[in-house]
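Here are my notes on this one, written as numbered points. Keep the structure open beside you and find each piece as you read.

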Amino acid sequence: MPAWVWAVVAFVLGMALTLWLANAEKHRSRNEARRVFVQETRDVAVAIHQQLDQCGHLIRAFQSIFLASQTVTEIEYARAYENMQSNGAARVALQALAYAERRRQADGDHYVTTMFAPQSGNLAIRGLDVNSQPSNLRSLEYSRDTDELAMSAPFALRQSGRQSLGDGFILRLPVFASGTQPGTVQARRAAIIGSIGASFRISDLIASALPESPEQLADLVVEDVSAGAARPLYSKAFAGRGNGAAHSEHAVSLQFGGRTWKVVAHGADPAGGSWQLVLWIGAAMSALLAALTWSLVSTRERAIALGTSMARRFQASEERFRKLNELLPCLVLLAREDDGTIVYRNAFARDRLAPDTQSARLSDVLGQEVMVRLAAADADTLLSVDAQLPGADGGGFWASLWLSTIELDGAPMWLLVASDVSEQRQLTERLSYQASHDSLTRLYNRREFEARAQSLLNLPGRGDGALLFIDLDQFKIINDTSGHCAGDELLVQLAAVMREKLRPGDVLGRLGGDEFGVLLRGAPTVEAALLAAERLRISIEGFIFSWEQRTYTISASIGVVMLAHATTLRELFAHADAACYLAKDGGRNRVHVYAEDDTAISRRLGEMEWANRIREALRDGRLLLDYQELHPLQPGPAEGAHVELLLRLRGEDGGVVPPGAFLPAAERYGLMPLIDRWVVETALGNLDRIHPHGSRLATCAINLSGGSLEDDGLFARIEQLIELHGIEPRRLVFEVTETVAVRNFIASSALIARLRSLGCRVALDDFGAGMSSFGYLKNLELDMLKIDGSFVQNLTSDRMSQSIVKAVTEIGHQQGLIVVAEWVSTQEMLDILVPMNVDYAQGFALHKPERAVFQRSADQRNAHG
């Protein structure tokens, strides 16, 4: 074809493309204008809502005057009005701020305006009865019942001596009588003493929210649609903008104070646009394209041949490269070695990397640190490194990189292959954090805290540090009264309080439950450590915790030990625990510093050692059971033996340790429930092998400690063992000491009732030791009463003891109880107890404790026949 034909074809195609682009640009311009118009309408609605919020803040601020004082004078009212005016649109639109006092009359409550501001122009509202304005009254009642802001329906504003000021509205808030904030509608209606109302001019408020020169808004109407029918509130047409097409209308609703406003706007009809420029430029480029086409056609054969050759070479090379790389689930980048410009990236790289990396340099992707290592590597070396790359979402992600040099078409290139390892890295970091931090408080957990403490102990200058052991006082009360959620929240807030009082280099950790630890670095003296501990104690004592309308105060006992006073981690924590215990034992809410010559510390460490020995004895099965018989003192039918089980412990050297040596430590460290469980399970599992009478054993008494009374699973375990071993429940007597029963009366009563419901018997041990009232005998369901041995021991020399024993016996018999005298050590005591009608006696005069049969060695069993 002639060259002019090709030129015409090129011009036609160029114009067709131009028209298509111009049409697309026209649509885009209109869509952008529509988007801007919709956004401007929404911005106006948001701005109006913000102005309403400012009005609400103003009246709430004024409400606080009445919350602070129920007797506000007119002078105070006017002064508060002057001081509390906002600098924003609320002050511009505000017309009057009035207080209506509730007055009870025969026909119901009336709300009469008694105070208002400003005085100028508003004198007509003095004495105004809100009940005479139904819309105003409805908003008052709505605010009263909900204790929320209430907006009245629009109404015409008027001021004394002036013409109408246009439409306005009133915002209202209730004023309640002093005392507890009413929580129900009935309570609010009873407690209201007045109502605060603020009137605002709608046109001023809305005008302050409008933009000065919007891009696409042609006109705007604000309507009140709360009652269903629309009532116009405000309208404005912006200068120089005609109404747009029908599709350019947009409406936004906003809710405030129980009413609904709607903002309706029309968009401007855009004139002209960038599509015309596209049309002109496209026409010019089409003409140039036609001229260029005409120029090139004359040499088309040579150009086609050259282009075909180059295209084939490029296509072959590109096809090979793309086939190998496009579907790889790894990032592949190709960059020139001379200037680092990226010339290729595969599909995965285009998806994961930031969009601008196509034309970026390799250093912009890898960073200078990796580029330095790349420059220092040998030419034939495959460099492997982890680096953070820029992500498509604007953030970064971690990748494992492999970089090498290749040559393409004689040009040296960098080839980069990378795999995304962000998830693996995040998982590793998360697992590391979880392993070293407490999940509740986000503090270091005990494991990490001990590791850091060990690191300090390993340093040559550990003498400059200290350990603070913090134990919260009476923390269990909060858990019991408000639940564990409250306790958890308290721990979280206390952790933040303590963190604020520590230096950046100090280490704070949660050691478990309500215990915290602090490692102080750079505390060269005891005085410095004591000062830091006291600062923490004061901050905890001054913290007030609020939970569900309750407030709590908390305190802490803190033990302080210098790192120089310990060589091992176990020794360090033992000293800190002992010091903390002494702080708690000394009255709580105090600090105690460990000293090597402190006898109280030494005694505490001894108890701690006993606690560990008890745990080892429980683990190794070295607890022993002895029994002591109870003998009847009054004539009656023959019956089997009655025994009480006594606890012993076999030491590591094989010797037997009496209970007085280890039971105080067991009680101190909360080990008694474990010991009681062991005794119950062992005794009930071997009931017929405790005494030589075997199955003819009449009763077996088992002591229960105070800690076991709160063991929710103990009763269920006893019931399970009775059924498992087929035990007659009346053969079991569970003893509770008088002091434990009185101290935990509710828990004792509940457990005693449940044990007796099974058929077991219950005895009150050591009666009289706690100086308790005999009235407890009437309130506890008992079967047996055991007189404290301190009275029995003095029977032969003290007439008062004789009188007490006789009185206890008579009262016990009146209650239908079996009375037992303990610590009977002589025949003379027995001669006194028999005439008093005491039922049973127990003591060395009658029987010395013996090892339970099932725990005796073969020699012991033969010796006992």
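1. Start with β17 and strand β18 (residues 515–520): they pair in the antiparallel sense over five bridges. Two strands count as paired if DSSP finds at least two bridges between them. One spot to look for is G509, whose bridge partner in β18 is G517. Strands (E, at least two residues) and helices (H or I, at least four) are DSSP runs, numbered from the N terminus.

2. A quick word on ground rules: this is a predicted model, where local features need pLDDT of at least 70 and side-chain atom pairs count only at pLDDT 80 or more, while totals for chains, interfaces and linings use all residues. Residues are numbered from 1 along each chain as its sequence is written, and side-chain values use heavy atoms, with hydrogens and water left out.

3. Now zoom out to the open sheet of five strands, in the order β17-β18-β16-β21-β22, with mixed pairing. Its edge strands are β17 (507–512) and β22 (591–593), each pairing on one side only. On average, neighbouring strands here are turned by 20° against each other, direction ignored.

4. Which helices lie across this sheet's strands? Helix α15 (residues 484–500) lies across β16 (466–473), β17 and β18, at about 155° to β17. Helix α16 (residues 526–541) lies across β16, β18, β21 (555–562) and β22, at about 165° to β21. Angles run from 0 to 180 degrees between N-to-C directions, with axes fitted to C-alpha atoms (for helices, over the stretch in contact).

5. There's also an open sheet of four strands, ordered β8-β7-β10-β9, with antiparallel pairing. β8 (231–237) and β9 (249–256) are at the edges with a single partner strand each, so one side of each has no neighbour in the sheet. Helix α1 (residues 3–68) packs on this sheet, touching β7, β9 and β10 (259–267). Six bridges join strand β7 (residues 217–224) to β8, and D219 stands opposite A237 in β8.

6. Finally, the cores. A nonpolar core is a set of buried Ala, Val, Leu, Ile, Met, Phe, Trp, Tyr and Cys residues joined through side-chain atoms within 4.5 Å; buried means under 20% relative accessible area (1.4 Å probe, protein chains only). The largest core has 71 residues, and L684, I690, I702, F734, L755 and L833 touch the most other members. Helix α20 (residues 672–685) gives the largest share, seven residues. A second, separate core of 48 residues includes L217, L233, V252 and L254.

Technical notes:
Contact = heavy atoms within 4.5 Å. Buried < 20%, exposed > 50% of the residue type's maximum accessible area, 1.4 Å probe, protein only.
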